[in-house]
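Me: Hi! I've just opened this one and would like a quick tour. Could you walk me through it?

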Amino acid sequence: MMYIKKARLSIISMPLKKPFSTHLGVVKNREAIIVELIDQDGVAGFGETVAFSSPWYTEETVKTAFHIQKDFLLPKLMEQPVEHPRDLTNVFSFIRRNEMAKSGVETALWDLYSKRMGKPLSESLGGTRNEVLAGAVVATQSINEALRQIEQFSTSGYERIKIKISPENDIEFLKAIRKVFPDVPLMVDANSAYTLQDIEHLRTLDEFNLIMIEQPLRVTDIVEHAKLQKQLQTPICLDESITSVHDVKSAIQLGSCQVVNIKVGRVGGLQNAKQIHDLCVENEIAVWCGGMIEFGISKAHSIAIASLPGFSIPGDLSSSNHYWEEDIIEPLIEMKNGKIVVPNGPGLGFSLNLKRMKEITLYKEEFV
Ligand code: OSB
Ligand code: MG
């Protein structure tokens, strides 16, 4: 049994090395909540809440997640001991949605559990890979900057490049990119920039030999994505539309996608992420691990889940220094030859850099 005796929520803030720009806006600074859980034996587990400062990507924010964690999730967990982190999905089911808030706490419990068992988190989750495939994201409104970044990322070894697009820039960007890099493994992410009205326009993207198009339509357009997929050669990948195992079941039934982007935070934690992985493998839907411009704790959880056998496509998994001058973990995460090694120490296999945490913590609260 894990009796959580103490919990700590730290709101941190760090500037990105370079702005991350999509049609929805620009991220220049990243806030997040680091969750620490400590059990009856003093074993500590760490999680990261990946909601943004504003609700541009999902409806949650750092403040809403802090509220849900402080006032609902932590009190519940501290009054009700659990034997295994998989039990948390049920324990937290009295709270509707708020998946990133739940995930911050649930992932910390997985780390704690794995440390108690003395085994790597990847092993607790059923991971089989020793290394995961790394990919980089290009998020800029300038073609020259995009070309420069693609050059840099592909020569440093990233296995695939993802570029953010919208109807305003897609054709122009892709023409320029394919002229210089005809063979680079390339995919696009639209973050819901299109509607079904754009079907003819979207069909013109088929000629660019894209690995997939991620989330072309709106979050709730599960039926519309199925209509679109029937008319597109390029595989559709769903990101924002998938927040639960049930969403994946609907998407499979309707034929809304051929690929699913699994983000631990967006689906409420590692247990749901694992179940979505299993369901996709069973139904021959490809999966990969999505990124959230996150810090090292969340990256470490992503590496652990991406070690499951179904994660056969490179994810948004990058080095610590991809977004950060100095990440919050030790050792730092490093991509080498397009891969990131899955650590074999107990739990996450990374620890917090306390000096760095101190520099970037805005606010901290402890619960006993
Ligand atoms: O849509 O996949 C997305 C980052 C923040 C919010 C949404 C998305 C992203 C990314 C991943 O594209 C970037 C990364 O972490 O490397
Ligand atoms: Mg996406």
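Reply: Happy to! The protein is divided into domain 1 (4–119 + 352–367) and domain 2 (124–348), with bounds that come from an automatic or database domain assignment. This is a predicted model: local features need pLDDT of at least 70, side-chain atom pairs count only at pLDDT 80 or more, and totals for chains, interfaces and linings use all residues. Residues are numbered from 1 along each chain as its sequence is written, chains are lettered from A and ligands numbered from 1 in the order in which they are written, and side-chain values use heavy atoms, with hydrogens and water left out.

Me: Thanks. How many residues of domain 1 are in contact with domain 2?

Reply: 45 residues of domain 1 are in contact with 51 residues of domain 2, where contact means heavy atoms within 4.5 Å. The centres of the two domains, taken over C-alpha atoms, are separated by 22 Å.

Me: And what's the secondary structure?

Reply: It comes to twelve helices and 16 strands. These are DSSP runs numbered from the N terminus: H or I with at least four residues for helices, E with at least two for strands.

Me: Which radius of gyration does the protein have?

Reply: It has 20 Å, which agrees with the value near 21 Å that a compact globule of 368 residues would have. The radius is taken over C-alpha atoms, and the globule rule is 2.2 Å times the number of residues to the power 0.38. Along the principal axes, the C-alpha trace spans about 60 × 40 × 35 Å.

Me: What share of the residues is buried?

Reply: Buried residues make up 59% of the 368. Buried means under 20% relative accessible area, exposed over 50%, and partly exposed in between (1.4 Å probe, protein chains only).

Me: Now the core. Which residues have the most contacts inside the largest one?

Reply: V260, I276, I305 and I328 do, in a nonpolar core of 96 residues. Such a core is a set of buried Ala, Val, Leu, Ile, Met, Phe, Trp, Tyr and Cys residues joined through side-chain atoms within 4.5 Å. Helix 11 (residues 296–306) gives the most to this core, with six residues.

Me: Is helix 11 largely enclosed or open?

Reply: Largely enclosed by the rest of the structure, because eleven of its eleven residues are buried. Among them are K299, H301 and I305. Leaving aside neighbours within four places in sequence, I305 is in contact with L125, V264, L270, A273, K274, C289 and F311.

Me: What about F295, where does that lie?

Reply: F295 lies in the loop between strand 11 (286–289) and helix 11, and counts as buried at 0% relative accessibility. Not counting residues up to four places away in sequence, F295 touches I12, M14, R30, A32, E48, W324, D327 and I328.

Me: Switching to the metal: which residues coordinate the magnesium ion?

Reply: D189 (OD), E214 (OE) and D239 (OD) coordinate the magnesium ion (ligand 2), at 2.1 to 2.3 Å. The donors follow the spacing D-x24-E-x24-D along the chain. D189 lies in strand 7 (residues 186–189) and D239 in the loop between strand 9 (236–238) and helix 9 (245–254), so the pair ties together parts that are 50 residues apart in sequence. Donors here are N, O and S atoms within 2.8 Å of the metal (3.2 Å for Na, K and Ca); water is not among the atoms, so sites may look incomplete.

Me: Are those two aspartates buried or exposed?

Reply: D189 counts as buried at 1% relative accessibility, and D239 counts as buried at 1% too.
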